[in-house]
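I opened the model to look up salt bridges, strand pairing and aromatic contacts. My entries follow in the order of the look-ups.

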Amino acid sequence: MDATKAQIGFVAKFDTTTLQVVDTFHVGFQPDELEIVGTKLYVANSGGYMVPNYEHTISVIDLNNKTRTNIEVVNNLHRLRADQYGQIWVSSRGDYYGQPSRLYCIDTNTDQVIDSVMTAVSCMWLDGDSLYICATEFSYITYDTEITYAIVNVKTHEIVTRNFIQDPTVKIDKPYGVAVHPKTKDIYVTDAKNYVSPGTLWCIGQDGIAKWSVRTGDIPAHICFRLTNKAINQ
C-alpha cells in the first residue's frame with residue numbers, strides 16, 4: 001500500500017469511569033504495541049499494510065504536553081517491553097526477504113537505539129531480567145519457516161539460552177504466545193498450529209520439561225495471570 005493512501009494511526013485515551021474517549025494521539029502507520037515509561041508513551045509502528053515500504057519508527061508521546069517525537073529503528077516494528085533499567089525492548093518482524101527479524105534496545109533517557117540482539121522475535125515476555133522469546137520467522141526467499149526460542153538477559157544484553165524447551169515430547173508447530181508465571185516461574189507457550197485449527201497451551205517447568213498441555217481455541221495468543229485479585233498480563 002502506498003504511504004500516501006494509508007491512514008496514519010492513533011492511540012485513544014479512555015476515561016475508565018465513563019468508557020468515553022477523552023483524547024487521541026496521532027502516531028505512525030499501523031501501530032502495534034505500546035508501553036508507558038514515566039510520562040512518555042512509546043508506540044511501535046509496523047506499517048504492515050504498506051509492503052514493501054514498511055514503517056520504521058517508534059512514536060514517543062509526551063503525556064504532559066502531548067507532543068510527539070519519533071525514534072528511527074528499523075522496518076516493521078512489532079512488540080514492546082519496558083524493563084527496570086530504563087530500557088525499552090522492541091522487536092522487528094523484518095521484511096521476510098533480506099532483512100531478518102531482530103530485537104532492539106532503546107534507552108528511554110535519550111530515546112536512542114543503543115543495542116541490537118541477533119535473535120528473531122514473534123512474541124516475548126519479560127520476567128525480572130529475563131526476556132523470554134519465541135519466533136516463527138517466515139522467508140519469501142526460501143518459503144520456509146524457522147522456529148526459534150531464546151532468553152535474553154536485559155541487564156547484560158546477552159542471550160542466555162537458545163532453547164528453554166528441553167523436552168522432546170513437546171511438539172509445537174507455530175509458537176504464538178509466551179508467558180512466565182510470576183510465582184511458580186513455569187513457562188507457558190501457545191501453539192497456533194496451522195492458524196485455522198484449535199491450538200494448544202503448554203506448561204513447561206524451568207528445567208525445560210513439560211508439565212501438561214491443554215487444547216485451546218484457534219490461534220491462542222495472549223496470556224493473563226490473575227493473582228489475589230491482581231491481573232498480570234503482557
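Are Asp 111 and Lys 40 buried or exposed? I find both Asp 111 and Lys 40 buried, where buried means under 20% relative accessible area, exposed over 50%, and partly exposed in between (1.4 Å probe, protein chains only).

A note on the source: this is a predicted model, in which local features need pLDDT of at least 70 and side-chain atom pairs count only at pLDDT 80 or more, while totals for chains, interfaces and linings use all residues. Residues are numbered from 1 along each chain as its sequence is written, and side-chain values use heavy atoms, with hydrogens and water left out.

**Salt bridges**

I took a salt bridge as a side-chain nitrogen of Lys or Arg within 4 Å of a carboxyl oxygen of Asp or Glu. By this rule I count eight salt bridges.

Asp 111 and Lys 40 form one of them, at 3.2 Å from N to O. I place Asp 111 in the loop between E9 and strand E10 (112–117) and Lys 40 in strand E4 (residues 40–45), 71 residues apart. Strands (E, at least two residues) and helices (H or I, at least four) are DSSP runs, numbered from the N terminus.

Next I looked up Arg 79, which forms a salt bridge with Glu 33, with 2.7 Å between the closest N and O atoms. Arg 79 lies in strand E7 and Glu 33 in strand E3, so this pair ties together parts that are 46 residues apart in sequence. Arg 79 is buried, with a relative accessible area of 13%, and Glu 33 is buried as well, with 14%. Salt bridges with shared partners join Glu 33, Arg 79 and Arg 81 into one network.

Asp 32 also forms a salt bridge, with Arg 93, and the closest N and O atoms are 2.9 Å apart. Why does this pair tie together parts that are 61 residues apart in sequence? Because Asp 32 lies in strand E3 and Arg 93 in the loop between E8 and E9. Asp 32 is partly exposed at 33% relative accessibility, and Arg 93 is partly exposed at 23%.

**Strands**

I count strands as paired if DSSP finds at least two bridges between them. An open sheet of four strands runs in the order E3-E4-E5-E6, with antiparallel pairing. Strand E3 (31–37) and strand E6 (68–72) are at the edges with a single partner strand each, so one side of each has no neighbour in the sheet. Five bridges join strand E5 (residues 57–62) to E6, and Thr 57 stands opposite Glu 72 in E6.

I then checked strand E7 (residues 77–82), where five of the six residues are buried. E7 is joined to E8 by four bridges and the two run antiparallel, with Leu 80 opposite Val 90 in E8. In the hairpin of E7 and E8, which has four residues between the strands, Gly 86 takes a positive phi near 75°.

**Aromatic rings**

Rings of Phe, Tyr and Trp (its six-membered ring) pair if their centres lie within 6.5 Å; planes under 30 degrees apart count as stacked, over 60 as edge-to-face and the rest as tilted. I find 11 aromatic pairs in the whole structure. Tyr 97 and Tyr 140 form a stacked pair, at 5.5 Å centre to centre and 25° between the planes. Ring pairs link Tyr 96, Tyr 97, Phe 138, Tyr 140 and Tyr 143 into a cluster. I find Tyr 140 in the loop between strand E12 (130–138) and strand E13 (145–153), partly exposed at 37% relative accessibility.
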